[in-house]
Amino acid sequence: MKNSKLSKFLLFSLAPSLLILFSFLYALYLVPTQIVFGFDQARDAYEAFSIYHNHDIKILGPSSDIVGVNHGVLWFYVLALVYFLGNSMPENAVYLLLVALYALVPVIGYFTYKMSKSAVVTWITLVLYVMSPLFLSFTHWLSNPLLALYITPPLLYLLWKYLHKPSALVAGGIGLLYALLIHSDFAYVVFVLLLPIYYFAYSLRFRMWDILSFGAGLLLGLTTFFLTYLKFQTNIVNIVFGFIFKSSSDGFSVGTTVFSFFDNVIRLLSFTYLPLPRLFIFILLVVLFIRFRKVFFTQVDRLLLFLLIWLSGFIFIFVLNHGTLLHSFFYGPFLYPLALLVALY
């Protein structure tokens with residue numbers, strides 16, 4: 001009986017394991033011809049070189065689309081490490097980051113199993129994740145939003161763990177990972193805005209030590225942002241609010257904004273887990289919604305609700321970016337939770 005169960009488990013695990021291996025080999029194959037190296041990559045390589053070769057200490061990260069606001073400096077130090085190990089060759093740096101991405105897959109599998117309690121859901125999630133066109137694009141792209149793929153899975157796991165068993169230590173880890181996510185791209189600060197939603201959705205009661213631990217982790221991770229402010233006297237708050245509330249020359253249209261939002265959602269699905277024509281995706285979503293709307297609204301369990309709240313960050317980014325999400329790197333933090341959501345359904 002034990003041998004039968006073992007055989008079934010190995011047989012069940014074989015197909016997804018081979019697909020993950022295929023994804024890894026295909027990603028390696030893509031690197032020489034698909035590596036992206038433009039102005040941003042050259043600028044970041046120069047900064048990384050000055051860190052590991054000239055021993056310069058950096059506190060200011062890559063520039064963002066908002067004039068006067070920079071992303072976190074963490075990317076420069078990660079890049080300095082892989083360039084140092086890769087003999088200053090961009091292709092070698094990409095290979096190292098790619099291997100690190102796939103080395104994280106078993107860890108993501110562990111997180112997924114602990115949250116879903118299902119081997120089937122875990123394997124489906126992992127296969128969807130590594131076979132996603134967007135994931136494969138990230139594997140040969142040297143830019144700071146790539147860090148979100150390393151940070152989001154453990155952050156989500158710690159959040160899920162805290163919801164079930166509050167702990168000051170876990171709260172501190174959550175705060176630190178939130179800060180590192182903001183290092184990845186300053187726009188990801190919007191995910192902190194989701195915390196009140198989790199608070200009310202799960203009827204949480206934060207203890208003082210948990211709040212202090214979370215704040216300490218967050219402040220520790222954001223230290224370089226504060227040092228940047230002290231050194232350069234950049235008023236990030238005013239600049240960001242000025243960007244958010246700037247008037248649009250085209251005016252505001254509810255119909256256009258709503259259409260643009262759903263168009264971006266369909267676009268996200270088209271290069272992640274539904275690589276199909278957009279019209280077909282739209283029709284499919286409408287059919288699925290009509291067919292399963294009662295199940296969706298009456299049987300949403302804790303894990304589904306947890307993922308949906310995180311994915312609602314898409315709305316915040318969409319609104320704060322004035323209704324446009326043309327850059328695929330914005331979708332990095334949604335890649336893993338979306339795979340898990342699809343696997344659950």
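Y188 is buried, and F191 is buried as well, where buried stands for a relative accessible area under 20%, exposed for over 50% and partly exposed for values in between (1.4 Å probe, protein chains only). The model examined here is a predicted one, in which local features need pLDDT of at least 70 and side-chain atom pairs count only at pLDDT 80 or more, while totals for chains, interfaces and linings use all residues. Residues are numbered from 1 along each chain as its sequence is written, and side-chain values use heavy atoms, with hydrogens and water left out.

A pair of aromatic rings is described by the distance of the centres and the angle of the planes. Rings of Phe, Tyr and Trp (its six-membered ring) are paired here if their centres lie within 6.5 Å; planes under 30 degrees apart count as stacked, over 60 as edge-to-face and the rest as tilted. By this rule, 25 aromatic pairs are found. The ring centres of Y188 and F191 are 6.0 Å apart with planes at 65 degrees, so this pair is edge-to-face. Y199 and F206 also pair, in a tilted manner, with 5.0 Å from centre to centre and 45 degrees between the planes. Y199 is partly exposed, at a relative accessible area of 26%, and F206 is partly exposed too, at 40%. Ring pairs also join Y188, F191, W310, F314, Y331 and F334 into a cluster.

Of its 345 residues, 46% count as buried. The accessible surface of the chain is about 18,400 Å², and 72% of this belongs to carbon and sulfur atoms; such areas come from the Shrake-Rupley method with a 1.4 Å probe, and for residues only the protein chains shown count as cover. Contact means heavy atoms within 4.5 Å. Among contacts between residues at least 6 apart in sequence, 75% join residues at least 24 apart.

The interior can be followed through its nonpolar core, a set of buried Ala, Val, Leu, Ile, Met, Phe, Trp, Tyr and Cys residues joined through side-chain atoms within 4.5 Å. The largest such core has 102 residues, of which Y129, I174, Y178, F191, F306 and W310 touch the most other members. Helix 8 (residues 147-164) gives the most to this core, with 13 residues. I174 touches L155, L158, L159, Y162 and F214, with residues up to four places away in sequence not counted.

Helix 8 also holds A148, which is buried with a relative accessible area of 0%. Beyond neighbours within four places in sequence, A148 is in contact with P153, L181, S184, Y188, G332 and P333. The C-alpha atoms of A148 and L181 are 5.9 Å apart, although the two residues are 33 apart in sequence.

Helix 3 (residues 74-85) has twelve residues and reaches 17 Å from first to last C-alpha, close to the 16 Å expected at 1.5 Å a residue; the expected span is 1.5 Å times one less than the number of residues. W75, F76, L79, A80, V82 and Y83 are its buried residues, and the buried residues of helix 3 pack against helix 2 (39-52), helix 4 (90-103) and helix 8. After helix 3 comes N87, with a positive phi near 60 degrees.

Most residues other than glycine have a negative phi, and most peptide bonds are trans. K117 has a positive phi near 60 degrees and sits in the loop between helix 5 (105-116) and helix 6. K117 is exposed, at 59% relative accessibility. S203, with a positive phi near 50 degrees, lies in the loop between helix 10 (195-201) and helix 11 (208-221) and is exposed at 55%.

S118 caps the N-terminal end of helix 6, with a side-chain oxygen 3.4 Å from the backbone nitrogen of V120. Buried residues in helix 6 include V121, W123, L126 and Y129.

Terms used:
Helices (H or I, at least four residues) and strands (E, at least two) are DSSP runs, numbered from the N terminus. A polar contact is a pair of N or O atoms within 3.5 Å; within protein, one must be able to donate a hydrogen and the other to accept it, and residues adjacent in sequence count only if both atoms are side-chain atoms.
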